[in-house]
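I'm going through the salt bridges first, then the pocket.

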Amino acid sequence: DDQITKDQVLAVLRNMFGAENVPEPIAFMYPRWSLEPWAYGSYSNWPPGTTLEMHQNLRANVGRLYFAGEATSAQYFGFLHGAWVEGKNVGEKIAGLIKGTIQTEEVHYDPLHGTTFVDEYDSTNGFILESTFATYGFK
């Protein structure tokens, strides 16, 4: 029930930040991904042959529009923590742009080269942690 969920969320937020700092929302929506006709609880999956360049183009900003979610995670696509990591990274990037502490945009590849080399598994292409592939290669 949406009302029960809303009450629980507000209770947690008010406990964390104080009731005086968390007003009643003007609207509340609790999506149920497993029931959405356009998703039915699905998640992203890269098809065979997808290169880091192709994936980086998916996550590259378009002007002031930035993208974040599990589908944009190079390491954890299809997983909740991938969405969390990407949202955190994009939020930090936007905050840095607003503060004027960074001036960079996401890399966009044009044209695509069709090959991903081991040394391209880095933060520029969305790998914020060390890649096991880059560490161990093919075995």
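Where do Lys88 and Glu92 lie, and how many residues apart? I find both in helix 3, four residues apart, about one turn of the helix (helices are DSSP runs of H or I, at least four residues, numbered from the N terminus).

Ground rules: this is a predicted model, where local features need pLDDT of at least 70 and side-chain atom pairs count only at pLDDT 80 or more, while totals for chains, interfaces and linings use all residues. Residues are numbered from 1 along each chain as its sequence is written, and side-chain values use heavy atoms, with hydrogens and water left out.

Lys88 and Glu92 form a salt bridge, closest N and O atoms 2.9 Å apart (a side-chain nitrogen of Lys or Arg within 4 Å of a carboxyl oxygen of Asp or Glu). My search of the whole structure turned up five salt bridges.

Next I looked up Arg59, which pairs with Glu86 at 3.0 Å between the closest N and O atoms. Arg59 sits in helix 2 and Glu86 in helix 3 (residues 80-99), so the bridge ties together parts 27 residues apart in sequence. Both Arg59 and Glu86 are buried (under 20% relative accessible area, with a 1.4 Å probe and protein chains only).

Then Arg32: its salt-bridge partner is Asp2, with the closest N and O atoms 2.9 Å apart. I place Arg32 in the loop between helix 1 and helix 2 (52-59) and Asp2 in helix 1, 30 residues apart.

Last, the lining of the largest pocket: Trp33, Trp38 and Glu70 are among the residues I noted (lining residues have an atom within 4 Å of a pocket point; a pocket is an open set of points on a 1 Å grid over the protein atoms alone, where a 1.4 Å probe fits, with protein on both sides within 12 Å along at least five of seven lines).

Methods: Helix = DSSP H or I, 4+ residues; strand = E, 2+ residues; numbered from the N terminus. Buried < 20%, exposed > 50% of the residue type's maximum accessible area, 1.4 Å probe, protein only.
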